[in-house]
Amino acid sequence: MESYSSLDAVDLQLLDLLQRDASLSNQALAEQVHVSPPTCLRRVRRLHTLGLIERQVALLQPDRLAALQGHGLAAIVEVALDRQGAEHLDAFEARAVAEDEVQQCWRVSPGPDFVLIVHTRDMPGYLALSQRLFTQDANVRNVKAFFSVHRAKFETKIPLALI
């Protein structure tokens, strides 16, 4: 398999452009990085094959969705476990990532064992999630939830050092 060290300035420009707008056509990408469309397509496919592009998705606007579907509740949740053996950490992680409301799950150190980013429709939805994930798990020692009142910034783009 090719190595990541074989990336050049064009590859990095493509990654940067796709992070900003994955809906750009191959033609538009090729024009912006000054290569032919077939070359551009080949390079983007290679970036996928290398695993540098994990997936392409549409980012939804939570405040507008909340107006249509209900209030919307975002929380950052710290979870500490009693037992931190690999099997216990793996078991909690597997249960957390299986929940649709858990958007992100980070195993962290020091401090709590996990930090979760959670989005639910409302507080009853959060309470149902907390019952499933925290209350029913005898290994969960402590849960601290921080409920969002305002999102000042949300970015999915990873800064790249362009050559």
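Colleague: How many aromatic pairs does the structure hold?

Modeller: First, a caution: this is a predicted model, where local features need pLDDT of at least 70 and side-chain atom pairs count only at pLDDT 80 or more, while totals for chains, interfaces and linings use all residues. Residues are numbered from 1 along each chain as its sequence is written, and side-chain values use heavy atoms, leaving out hydrogens and water. Rings of Phe, Tyr and Trp (its six-membered ring) pair if their centres lie within 6.5 Å, and the number of aromatic pairs here is 2.

Colleague: Is the pair of Phe-92 and Phe-114 tilted or stacked?

Modeller: Planes under 30 degrees apart count as stacked, over 60 as edge-to-face and the rest as tilted. Phe-92 and Phe-114 lie 4.9 Å centre to centre, with 50° between the planes, and the pair is tilted.

Colleague: Which elements does that pair link?

Modeller: Helices (H or I, at least four residues) and strands (E, at least two) are DSSP runs numbered from the N terminus. The two residues are 22 positions apart and belong to distant parts of the chain. Phe-92 sits in helix H5 (residues 86-97), and Phe-114 in strand E3 (residues 114-120).

Colleague: Are Phe-92 and Phe-114 buried or exposed?

Modeller: Buried means under 20% relative accessible area, exposed over 50% and partly exposed in between, with a 1.4 Å probe and protein chains only. Both Phe-92 and Phe-114 are buried.

Colleague: What geometry do the rings of Tyr-126 and Phe-147 have?

Modeller: The ring centres of Tyr-126 and Phe-147 are 5.1 Å apart and the planes stand at 85°, so the pair is edge-to-face. This pair too links distant parts of the chain, 21 residues apart: Tyr-126 is in helix H6 (residues 123-135) and Phe-147 in strand E4. With its relative accessible area of 36%, Phe-147 is partly exposed. As for the geometry you asked about, the answer is edge-to-face.

Colleague: What is the relative accessibility of Tyr-126?

Modeller: Tyr-126 counts as buried. Its relative accessibility is 7%.

Colleague: Are H2 and H3 parallel or perpendicular to each other?

Modeller: Axes are lines fitted to C-alpha atoms, for helices over the stretch in contact, and angles run from 0 to 180 degrees between N-to-C directions. Helix H2 (residues 26-33) packs on helix H3 (residues 37-49) at about 100°, the axes being 8 Å apart. Angles under 35 degrees count as roughly parallel, over 145 as roughly antiparallel, 65 to 115 as roughly perpendicular and the rest as oblique. H2 and H3 are therefore roughly perpendicular.

Colleague: How many residues of each class are in the contact of H2 with H3?

Modeller: Ala, Val, Leu, Ile, Met, Phe, Trp, Tyr, Cys and Pro count as nonpolar, Asp, Glu, Lys and Arg as charged, and the others, Gly among them, as polar. The contact of H2 with H3 has no charged residues, 2 polar and 6 nonpolar.

Colleague: At what angle do the axes of H1 and H3 cross?

Modeller: The axes of helix H1 (residues 9-20) and H3 come within 10 Å. H1 is thus roughly perpendicular to H3. The crossing angle is roughly 75°.

Colleague: How many charged residues are in the contact of H1 with H3?

Modeller: From H1 come Val-10, Asp-11, Leu-14, Leu-15 and Leu-18, which meet Cys-40, Arg-43, Val-44, Arg-46 and Leu-47 in H3. By class, the contact holds 7 nonpolar residues, no polar ones, and charged residues numbering 3.

Colleague: Leaving aside neighbours within four places in sequence, which residues is Val-10 in contact with?

Modeller: Val-10 is in helix H1, and at 16% relative accessibility it counts as buried. The contacts of Val-10 are Val-33, Val-35 and Arg-43.

Colleague: What radius of gyration does the chain have?

Modeller: The radius of gyration is taken over C-alpha atoms, and the globule rule is 2.2 Å times the number of residues to the power 0.38. A compact globule of 163 residues would come out near 15 Å. The chain has 20 Å.

Note on methods
Contact means heavy atoms within 4.5 Å.
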